[in-house]
Amino acid sequence: MANQAITAKRKIILDCDPGLDDAIAILLAARNPHIELVGVTIVAGNVGLDKTTLNALKVCELAGLTHVPVARGADRPLLREPVAADYVHGESGIGGVVLPDPVKASINRHAVDFLIDTLMESDGDITLVPIGPLTNIALAMRKEPRILSKIQEIVIMGGGTFGNITPSAEFNFYADAEAARVVLASGAPITMIGLDLTHQAVATEAVKERIASLDNHISRFILELLGFYEVIYKERGLPGAAVHDPCCVAYCIDPTLFTTKLLRVDIETRGELSYGMSVIDTYGVTGKQPNVRVALTLDHERFWSMLTDTMKEYA
Ligand code: BDR
Ligand code: CA
């Protein structure tokens, strides 16, 4: 890998709702030499839990992750009715891509219990990477508050200063705003990778050419995903798909690709127009203690080099 400075492997649990960009995040985490994927926990989000679980199992097998436990979690938000993003990710959750049925099943333990047990048995060296609605993480915090002192960091894909499902809210926070509020107010060390950041990780035509030049089964799979995913982004005026979720894994691999700022962030759960909004106190006007490291800028070139370098590992 290009960055020689990174030595130790970072242990992560990926909490996901695959999801086109979740699938790319799994592929990045699976083969990057600086990540140890301890487990994959599943939540309902982009599509329902049966589909997100099936997709996770399929993508994990594609990535050769047969030794990593996959645990089913919450099938609905804490309080509200489920909202899906199948208008973005397709009815299946991974667009029109067809993958073989998985050989392995999910483990016989709820994701919330898997999270609690794994954290409690750890040396406090596990980073949680939630890239779907925060239901599983909030439930784990409520069921066993002692996990808070065991979490090294939570690197969340969610929020931002603008919305994608409503004018003010990002999908993951909107899909379970009460859970997002619990997690952001928990006191755990949190890095928030919101839309302001992930819209800097756009798979442009030039990026797709780089991926295509790898010419292996994984690069072809990613191009298929992107072909489906980019439609809505192009309709919205972007030059390609914003690949949100892999940014969180990239942050765990090498945070020097990002600039961040420690700020106060709270989640709106009552607003008529702002349900699920991440309210970011940029100028400290509330006087409240900063609680979130907010990602501001991404080194686009190094991000895509990291992704394509890792995909070469699949040759
Ligand atoms: C987030 O919402 C989901 O649709 C994506 O997978 C990503 O996690 C972006 O708002
Ligand atoms: Ca996701």
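1. Buried means under 20% relative accessible area, exposed over 50%, and partly exposed in between, with a 1.4 Å probe and protein chains only. By that cut-off strand β5 is mostly covered: six of its seven residues are buried. Helices (H or I, at least four residues) and strands (E, at least two) are DSSP runs, numbered from the N terminus.

2. Ground rules. This is a predicted model, in which local features need pLDDT of at least 70 and side-chain atom pairs count only at pLDDT 80 or more, while totals for chains, interfaces and linings use all residues. Residues are numbered from 1 along each chain as its sequence is written, chains are lettered from A and ligands numbered from 1 in the order in which they are written, and side-chain values use heavy atoms, with hydrogens and water left out.

3. The sheet. Nine strands make an open, mixed sheet, ordered β3-β2-β1-β4-β5-β6-β11-β9-β10. Its edges are β3 (70-72) and β10 (278-281), each pairing on one side only. From one strand to the next, the twist averages 30°. Two strands pair if DSSP finds at least two bridges between them. Axes are lines fitted to C-alpha atoms, for helices over the stretch in contact, and angles run from 0 to 180 degrees between N-to-C directions.

4. Two pairings to check. Strand β2 (residues 35-42) pairs with β3 in the parallel sense, over three bridges. There Ile-42 stands opposite Arg-72 of β3. β4 and β5 are also parallel, with three bridges. Thr-127 faces Glu-153 of β5.

5. Helices over the sheet. Contact means heavy atoms within 4.5 Å. Helix α5 (residues 135-143) lies across β1 (10-16), β2, β4 (126-130) and β5 (151-157), and runs at about 150° to β5. Helix α7 (residues 177-184) lies across β5, β6 (190-193), β9 (258-267) and β11 (292-298), at about 115° to β9.

6. Ile-154. This residue lies in strand β5. Its relative accessible area is 0%, so Ile-154 is buried. Leaving out residues up to four places away in sequence, Ile-154 touches Leu-128, Pro-130, Ile-137, Met-141, Val-183, Ala-188, Pro-189, Ile-190 and Thr-191. Val-98 is 56 residues from Ile-154 in sequence and 32 Å away in space, C-alpha to C-alpha.

7. Helix α11. In α11 (residues 244-253), 10 of the 10 residues are buried. Among them are His-244, Asp-245, Tyr-251 and the cysteines Cys-247, Cys-248 and Cys-252.

8. Salt bridges. The criterion is a side-chain nitrogen of Lys or Arg within 4 Å of a carboxyl oxygen of Asp or Glu. The whole structure holds 19. One of them joins Arg-72 to Asp-50, with the closest N and O atoms 2.9 Å apart. Arg-72 lies in strand β3 and Asp-50 in helix α2 (residues 49-62), so the pair ties together parts 22 residues apart in sequence. Arg-72 is partly exposed at 32%, and Asp-50 is exposed at 56%.

9. A longer-range pair. Glu-178 and Arg-80 meet in a salt bridge (3.2 Å, N to O). Glu-178 is in helix α7 and Arg-80 in the loop between β3 and α3, so the link spans 98 residues. Glu-178 is buried, at 12% relative accessible area. Arg-80 is partly exposed, at 35%.

10. Other charged groups. Arg-109 and Asp-117 form a salt bridge at 2.8 Å, N to O. Arg-109 is partly exposed at 34%, as is Asp-117 at 28%. Glu-205, Lys-208, Glu-230 and Lys-234 are linked in a salt-bridge network.

11. Nonpolar surface. Leu-78, Leu-79 and Leu-139 make a nonpolar patch of about 260 Å². Patch residues have over 30% relative accessible area and no salt bridge; like charges are joined within 9 Å, and nonpolar side chains (Val, Leu, Ile, Met, Phe, Trp, Tyr) within 5 Å. Areas come from the Shrake-Rupley method with a 1.4 Å probe; for residues, only the protein chains shown count as cover. Leu-79 sits in the loop between β3 and α3 (86-89). Leu-79 is exposed, at 64% relative accessibility.

12. Backbone exceptions. Most residues other than glycine have a negative phi, and most peptide bonds are trans. A cis bond joins Pro-18 and Gly-19, with omega about -10°. Gly-19 is in the loop between β1 and α1 (20-31). Asp-215 has a positive phi, near 50°. Asp-215 lies in the loop between α9 (205-214) and α10 (217-235), and is exposed at 54%.
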